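Thanks for coming, everyone. Let me put the model up, and then we will walk through it.

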Amino acid sequence: MKRWTVASYTIVVVFLLVVLVPIAAVVVNSLKVPADIFTPSLKLAFTPTFDNYAKVLGDLHFQTFLMNSTLVALGSTALSLAVGVPAAYALARLPIRGRELWAGGILFTRMVPAVALVVPMYVIFQRTELLGTYFALIAAHTTFNLPIVIWMMRSFFEELPPDLEEAALVDGSGRFGAFWRVALPLTAPGLAATAVLCLLFSWNEFLFALVLSGRDTQTVPIGVASFIGTVSVDWGGSSAAAVLALVPVFLLGLVAQRFLVRGLTFGAVKG
Amino acid sequence: MARPQRQVRRWSGFAIALVVASAVVACSGGTGGSGGSGDGDPNAAPASAGGPMGRFPDDKLVLSRWAGDPWTSGQKDAAAAWAKDTGGSLDLDAVPYENLHDKQALALAGAGGYDILYVHPSWFGEFAKAGYLAPIDDKLADPKRNPGGFSADSFLPNVLAQGKYDGKQYCLPDFVSTTVLAYRKDVFEKNGLKPPTTLDEVAADAATLNGKDGMAGIALPGKRGGAVADVMGSLLTAQGNWWFGADGKTTLDKSAAANAVRFYVQAAKNAPSGVLNFHVDEASTAAAQGKAAMIISTTPSLQALEDPAKSSTAGKWGYAPLAFTADKPAGELIYWNWCIAAKSTQQDAAYSFLQWYTSGEQQAKVAIAAATGGATKDFYTNPDVAAKLPFLDAMNKALTTSNPQPSVAAWPKAQDQIELAVQEAIQGKKSPEQAADAMYQAVSSALGG
């Protein structure tokens, strides 16, 4: 037993090192001046500076990228949930002909590479004069978030005992009432976990943001990549930007941790 | 049931708020498109001495360029200065260089959205052929549109010619650079070596100095990303050879290519470990931190050697052009083109910026900040530039014999194959002759025989 404990701790420590060392390096570099970053060997003793953050937030207005990402991620998540949750419930509960075929078709849309979608989307948004707007990005991000919502929420709804909704129907509630008053509250942890995943996917998405955004609607991944030039990389600036990009997601993870654990294990053990 | 109902209300309220918020923000945000009437007075004299021509109070220009590097912030300042003098506005849409071509091509093929574009040589031909760019011959030849003394003759002819397609001038160039050698004067002196004048001497000195005082003999780019092909281009020019001829067909001499690869392989043996992962910035960082006695790289990247914030060896470097034969220096002509989008409705204002920004006076400011050269003749007689750029003399000598990359859409693919061949030669997977043959096949395929 003790041997297993030591082995477990070792695995956890190694895993944490692998995961955390690069993040720690980014945080440390964000606090260094160029001369301390470009040392031949690793320099751990240095005078911290917030110059990189001042430059990123002051000269380069990185807060604009953060605001854009926030709006797009929240918008896409809201739209995906608004459309996807009822769709998931319908696929789980309603007697739809070819239900599995519909579900498979929805999953298929998630498998299409983003690069295959981006050009037609560009043309559509350009012709509708939506190119460069937040709406274009929200709609584009919804294409990959919606299948996630439908498939995750469908499995959560299927895990619920149908008796609960049937009781509501017997009590006089309609199908929508059973969904709204019974099924949805009981799957709230799953809903939260799904929303968090949608936010994360949207926050980190690069290709759609690159092609469909305008100069005022560029998101965080574009902002971070912008520190890589043709002949030089602004390591300090890109590190500071990466830290700023990481903080909201980290905070979201902390806040949603309880929901994530409950949501992702929802229905794992049946009573 | 009370608790779930409260949860539902909370969740549904949250969801509705988000949907409303997203609908509201969807109505706002930039479109990336250009605006303005295109009216104004393009012939108005500069508002201040040395300022841009014209008044464009209703014009809102959008400029497309890559992000990063010192140029972006410097160009924002220039855009603000242009706007202040002309009454218009000029926004920069800066995206990562790796994605710049695709973003520009999509915008130009569609409804537009850009007025001014920074166009790389390898896709200038593609854009010009497709009709995406507006000719500027009339504007460049019109004395009312240009300050006194400024015309096509103000530019270095061979550089200006790179913005010409099918007999029409489309673009004005800047960002002139090439590859040169930098060597540590103090290290050479300490070891009793003279500054190298030929590439054979460079290779020999690299072997002699490799390993001394913890230094590699020479740093140079080895990563596929354009810089290896730039160095190869200079090594070919130094032998009087080039990738293509006047008819656009391949003129690559396999023996010259093999010579160039042989030098590359020899140099890489005395380079810091991991040279195959070195782009120009990794090479210049290693040299700046005293990890290499010499470096071959493009001039903009060599700026890091002289920047005390990044370099522990600032002021210790000497510079020389690349040459296989002494006194026959050569280099690759590296440049970018400033072009006007054919669909822009504000071409007069766009030309005003092009003319002003590519002038020698403005380029001198860029050069001092970013270590590139201008394309006008007066740039090279500016004493401020000469004083601030220690490698200007070596660069000028290299550019006396220089060649530009072919401006065809297939060139980036050929360039990648050229770089792969060099890498495989360095790794010992190909002999210099085999690498040269692979290059010939790639170039021949890209240029159509």
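Start with a term: a disulfide here is a pair of cysteine sulfur atoms within 2.5 Å. This is a predicted model, where local features need pLDDT of at least 70, side-chain atom pairs count only at pLDDT 80 or more, and totals for chains, interfaces and linings use all residues. Residues are numbered from 1 along each chain as its sequence is written, chains are lettered from A and ligands numbered from 1 in the order in which they are written, and side-chain values use heavy atoms, with hydrogens and water left out.

Now the disulfide. How many does a search of the whole structure find? One, over all chains. B:Cys171 is joined to B:Cys339, with 2.1 Å from S to S. The torsion about that S-S bond is about 105°, so the disulfide is right-handed. Where do the two cysteines sit? B:Cys171 is in strand β6 (residues 171–177) of chain B, and B:Cys339 is in strand β10 (residues 331–340) of chain B. The pair therefore ties together parts that are 168 residues apart in sequence.

B:Cys171 is buried, at 0%. B:Cys339 is buried too, at 0%. Over in chain A, A:Cys198 is buried at 0%.

Next, confidence in chain A. The score is pLDDT, the predictor's confidence in each residue, from 0 to 100. Chain A averages 89, and 94% of the residues score at least 70. Where is confidence lowest in this chain? In helix α2 (residues 34–37) of chain A, at a mean of 80. The highest is in helix α4 (residues 62–93) of chain A, at 96.

On to the domains of chain B. Their bounds come from an automatic or database domain assignment. Domain 1 is 60–176 + 334–400, and domain 2 is 177–333 + 407–447. The C-alpha centres of these two domains of chain B lie 27 Å apart. Contact means heavy atoms within 4.5 Å. On that basis, 27 residues of domain 1 of chain B touch 24 residues of domain 2 of chain B.

How much area do they bury? Buried area is the accessible area (1.4 Å probe) that two parts lose on being put together, summed over both. Domain 1 and domain 2 of chain B bury about 1,800 Å² between them, with 69% of it on carbon and sulfur atoms. Which three residues supply more than any other three of the area that domain 1 of chain B buries against domain 2 of chain B? B:Ile334, B:Phe391 and B:Ala398, with 33%.

Now salt bridges. The rule is a side-chain nitrogen of Lys or Arg within 4 Å of a carboxyl oxygen of Asp or Glu. Over all chains, the count comes to 15 salt bridges. Between domain 1 and domain 2 of chain B, the count is zero.

Take A:Glu100 and A:Arg154, which pair at 2.5 Å, N to O. A:Glu100 is in helix α5 (residues 99–111) of chain A and A:Arg154 in helix α7 (residues 134–159) of chain A, so the pair ties together parts that are 54 residues apart in sequence. A:Glu100 is exposed, at 52%. A:Arg154 is buried, at 5%.

In chain B, B:Lys397 bridges to B:Asp393 at 3.1 Å, N to O. Both lie in helix α16 (residues 392–400) of chain B, four residues apart, about one turn of the helix. B:Lys397 is partly exposed at 39%, and B:Asp393 is partly exposed at 47%. B:Lys144 also bridges to B:Asp142, with the closest N and O atoms 3.7 Å apart. B:Asp142 counts as buried, at 18%. Back in chain A, salt bridges link A:Arg93, A:Glu165 and A:Arg175 in a network.

Last, two backbone angles. A:Glu129 has phi near 60°, a positive value in a residue other than glycine. A:Glu129 sits in the loop between α6 (114–127) and α7 of chain A, and is exposed at 68%. B:Asp213 has phi near 55°, again positive in a residue other than glycine. The loop holding B:Asp213 runs between α8 (199–209) and α9 (227–237) of chain B. B:Asp213 is exposed, at 56%.

Technical notes
Buried < 20%, exposed > 50% of the residue type's maximum accessible area, 1.4 Å probe, protein only.
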